[in-house]
Structure formats: structure tokens, C-alpha cells
2 protein chains.
Amino acid sequence: MANSKSSTKPNSEGNNSREIVLLRWGHRPQRDVRLTSHVALVSRAFGAAGFILADAIDEHLKATVEKVTKSWGGNFRFEMGTSWKSFVSEWKSKGGVVVHLTIYGENIQTSDVLSRIRGSGKNVLLLVGSQKVPPEFYSAEVSDFNLAVGNQPHSECAAVAVFLDRFFEGKELSKGFENARIRVVPQVRGKQIKVKHGF
Amino acid sequence: MANSKSSTKPNSEGNNSREIVLLRWGHRPQRDVRLTSHVALVSRAFGAAGFILADAIDEHLKATVEKVTKSWGGNFRFEMGTSWKSFVSEWKSKGGVVVHLTIYGENIQTSDVLSRIRGSGKNVLLLVGSQKVPPEFYSAEVSDFNLAVGNQPHSECAAVAVFLDRFFEGKELSKGFENARIRVVPQVRGKQIKVKHGF
């Protein structure tokens, strides 16, 4: 293991091993591939357990994400083509909550929405749209919470990152990833990486 | 003014009116336009004062950012075509510091780099690459700090958002924007916006 000092279980500290999975809706292959790959990599880097590309197939995206996981470690789950309706319904039947990230929702800074999500004690499915989402995303049948990372237009990458950073209280940025081939050794100046051979 | 209760000066609370400006290097028009526009909108939404597109011209990007500022308010500065070298050198001559966001730098979570930046008491230029950056970006001649928002690959949108969220301690997400035509009224369910007429 490349970084034996760090926790090997994602986010096992301080959040009782609560699992967060991201579901991306409305992805348009080709047009959205770079943005969606950023959203997926952000999810991984900030401590989510997996990423679901709903109702779409994008082999290029899959290859990008799996290549990063293979090199940089961890057990990040990538899935595509899944129906969002079935996934949400299955998630809820297993006792998880659904948090829809939207500019129109309760503000993460000015409301108590984050503490209510934490207080639920449940696994969290983060629902992240790309194009305009169906109105039912806002309803109680789909989303337990509609959360806004600020009520200004910006970027789903940013919304996912800040939600996870706050949810995990920053600890996600210090954890190691199991079976990493490559890891960065942080430097004041320049670049240093360690590459593990023998894979 | 659409939101008269909030501070009208960006980030005037708690950070002594320190100004943060973002400089984007390595932008390729067309190929990068969506990602760079996300980076610019994230900068605005998370409290930066302006965005410099260095050594490139992209009218489509300019139109996107300026349209958002016109509708959603504030005095966000957008500039393009500026030489990064001249801008950095001028920024430093005015007493500002330069923070280079890079996966190879000091980790924002595990090091004291953020408190040293705060402790400098100076305005901050955030240097954000797109492609591989020139080696001199890491040098003391250019960057006072090399900062990593985690040492894993993810997204410059996320790095900018989390840096600003932590720098401003979250307060940026509650502030209003001057002269906004549109603003969101946060909701538990559904969407509500207020549109100001008469512009």
C-alpha cells in the first residue's frame, strides 16, 4: 500500500462510515464528457464511494475515470446506463437519503440543511443534474433534501466539491487511497511523485 | 438593490476587504470554453473580485461571464488577452501574493499553508493552469505559495471553489450581489426567483 499511515476505509473517521454516492443525470456524451469526468473525479477525490452515470453510456468517460482509479488507488465504483428512477428507488428502499444539488434549494451556508442531512445518519445519494432537470427531482418522492451550494450560478463540480468538503469536514483531503500506483509527495516548490512498481 | 440586507462590498467581513483575483493560464478557445466558464463563474460565486484570461482571447467566454454578472449582479471584473507575466509582476509590485493551485503543492488540509496565506494579510492572485504549466510557475519568482486542494487529480473548478470557501470561511455563500436583476429565493421544494424590472 502506497500510503499506509492513512485510513484505508474511505471516510471511516468521524462519519461512522457513511457512504456517499453521486448520480449524474442528463449527461450528453461528447458534449459533456470533460465536465462530467471532472464531476466524477471530484467525487472520488473528495471521498464519495462511487459515481453513477444515469440513463447514458459513455465509454470514453468510463475509461478516463477507471484509469485514474487504477493509477491513483482506491475502490471508487463507476457505473453507467442505470435508470435514475430505479437507482433512486432502490437507494431509498435500502434506507438511504437523496440530496438534490440545485441552485434553488436551501442554502448550505444560511440554513441548517447540512446538519439535518448529517443528523439523518443515513447514506447519501447526491443527485446532480446537467441540463434542466425534471420537476419531480424537487419532489419528496425523489429528493429528501434540495440543497444549494450558494444560490448563484456556477458549476456542478464546485457544488459537489464543497458539499463533500463540508460534509466530511475536510478530512477527505488527507486520506490515502489503497493500492495506489502513483502518489504525490506534497512540496513547497516543484513536483514529487512516488510510483509503485510491480503491478 | 435586490438584496439590501447583505454586504455590498465583496467579502468585506472578516477578511479586511482582502481581494482575490483569479488568473487562468493555458486556456484553449473552443476546447476549454465550458470548463473555463465554470472556473470563472465559480470565482464570482465564491467571492473573487475578478477573472483574468491570460494570453488568450475568447469572446464567447467573455459573453457568458458578462451575461451572468449583468443578470445576477455584482462588480465581477473580467479581462482577457493580458500577458500572465506582466500581470503577475504588476500584482507583486503592488504588494499582492501569488498562490499557484497545483496537485503537487502543500496540502490545504494537512499543512498550515492556508493560515500562512491568511497571515500575509495581502491580496491574493490565484494562478490556475489548464494544460501542463511552465516549470517557473512553481518558482519563488512567480508563486509565493504552491497549494494543493488535496493531492489527487480532480478539477480546477473544485480547487478554486474549495480554496475560496475555506479562505472566506463560507461567508461568501451568504452574501448578496449589488444590482442583481435576478435572485433565487431558497426553497425546501421547487423553484422561486425574483426578477427586478426596470433596467
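Mentor: We'll take helix packing, then aromatic rings, then backbone angles. Keep in mind that this is a predicted model.

Trainee: Okay, helices to begin with. What describes two packed helices?

Mentor: Two things: the angle between their axes and the distance between those axes.

Trainee: Which residues in H5(A) and H5(B) meet?

Mentor: From H5(A) you have A:Cys157, A:Ala158, A:Ala161, A:Val162, A:Asp165 and A:Arg166. They meet B:Cys157, B:Ala158, B:Ala161, B:Val162, B:Asp165 and B:Arg166 of H5(B). Sorted by class, that contact has 8 nonpolar and 4 charged residues, with no polar ones.

Trainee: And how do H1(A) and H1(B) cross?

Mentor: The axes of H1(A) and H1(B), residues 33–45 in each chain, come within 8 Å and cross at roughly 50°. That makes H1(A) oblique to H1(B), and the crossing is right-handed. The residues that meet are A:Arg34, A:Leu35 and A:His38 on one side and B:Arg34, B:Leu35 and B:His38 on the other. By class, you get 2 nonpolar, 2 polar and 2 charged residues in the contact of H1(A) with H1(B).

Trainee: Now a pair inside one chain. At what angle do H1 and H2 of chain B cross?

Mentor: Roughly 30°, with the axes of H1(B) (residues 33–45) and H2(B) (residues 59–72) coming within 10 Å. That makes H1(B) roughly parallel to H2(B), and H1(B) passes H2(B) in a right-handed crossing. On the H1(B) side, the contact residues include B:Ala40 and B:Leu41; on the H2(B) side, they include B:Val65 and B:Trp72. This contact of H1(B) with H2(B) has 7 nonpolar, 5 polar and 1 charged residues.

Trainee: On to rings. What should I look at in an aromatic pair?

Mentor: The distance of the centres and the angle of the planes. A search of the whole structure turns up 12 aromatic pairs over all chains. In one of them, A:Trp84 and A:Phe137 have ring centres 4.7 Å apart and planes at 65°, so the pair is edge-to-face.

Trainee: Where do A:Trp84 and A:Phe137 lie?

Mentor: A:Trp84 is in helix H3 of chain A, while A:Phe137 is in the loop between strands S5 and S6, so the pair ties together parts that are 53 residues apart in sequence. Both A:Trp84 and A:Phe137 are buried. Ring pairs also bring A:Trp25 into a cluster with A:Trp84 and A:Phe137.

Trainee: Then B:Phe87 and B:Trp91: are the rings stacked or edge-to-face?

Mentor: Stacked, because the planes are at 25°; the ring centres are 6.1 Å apart. B:Phe87 and B:Trp91 are 4 residues apart in helix H3 of chain B, which means about one helical turn separates them. B:Phe87 is buried at 7% relative accessibility, and B:Trp91 is buried at 10%.

Trainee: What does B:Trp84 touch?

Mentor: Leaving out residues up to four places away in sequence, its contacts include B:Leu23, B:Trp25, B:Asp55 and B:Phe137. B:Trp84 sits in helix H3 of chain B and counts as buried at 9% relative accessibility. B:Asp55 is 29 residues away from B:Trp84 in sequence, but their C-alpha atoms are 6.5 Å apart.

Trainee: Which residue in chain B has a positive phi of about 70°?

Mentor: B:Gln30, again not a glycine. You'll find B:Gln30 in the loop between strand S1 and H1 of chain B, where it counts as exposed at 72% relative accessibility.

Note on methods. Residues are numbered from 1 along each chain as its sequence is written. Chains are lettered from A and ligands numbered from 1 in the order in which they are written. This is a predicted model: local features need pLDDT of at least 70, side-chain atom pairs count only at pLDDT 80 or more; totals for chains, interfaces and linings use all residues. Side-chain values use heavy atoms; hydrogens and water are left out. Contact means heavy atoms within 4.5 Å. Helices (H or I, at least four residues) and strands (E, at least two) are DSSP runs, numbered from the N terminus. Ala, Val, Leu, Ile, Met, Phe, Trp, Tyr, Cys and Pro count as nonpolar, Asp, Glu, Lys and Arg as charged, and the others, Gly among them, as polar. Rings of Phe, Tyr and Trp (its six-membered ring) pair if their centres lie within 6.5 Å; planes under 30 degrees apart count as stacked, over 60 as edge-to-face and the rest as tilted. Buried means under 20% relative accessible area, exposed over 50%, partly exposed in between (1.4 Å probe, protein chains only). Axes are lines fitted to C-alpha atoms, for helices over the stretch in contact, and angles run from 0 to 180 degrees between N-to-C directions. Angles under 35 degrees count as roughly parallel, over 145 as roughly antiparallel, 65 to 115 as roughly perpendicular and the rest as oblique. A crossing is left-handed if the near helix is turned anticlockwise from the far one by less than a right angle, and right-handed if clockwise.
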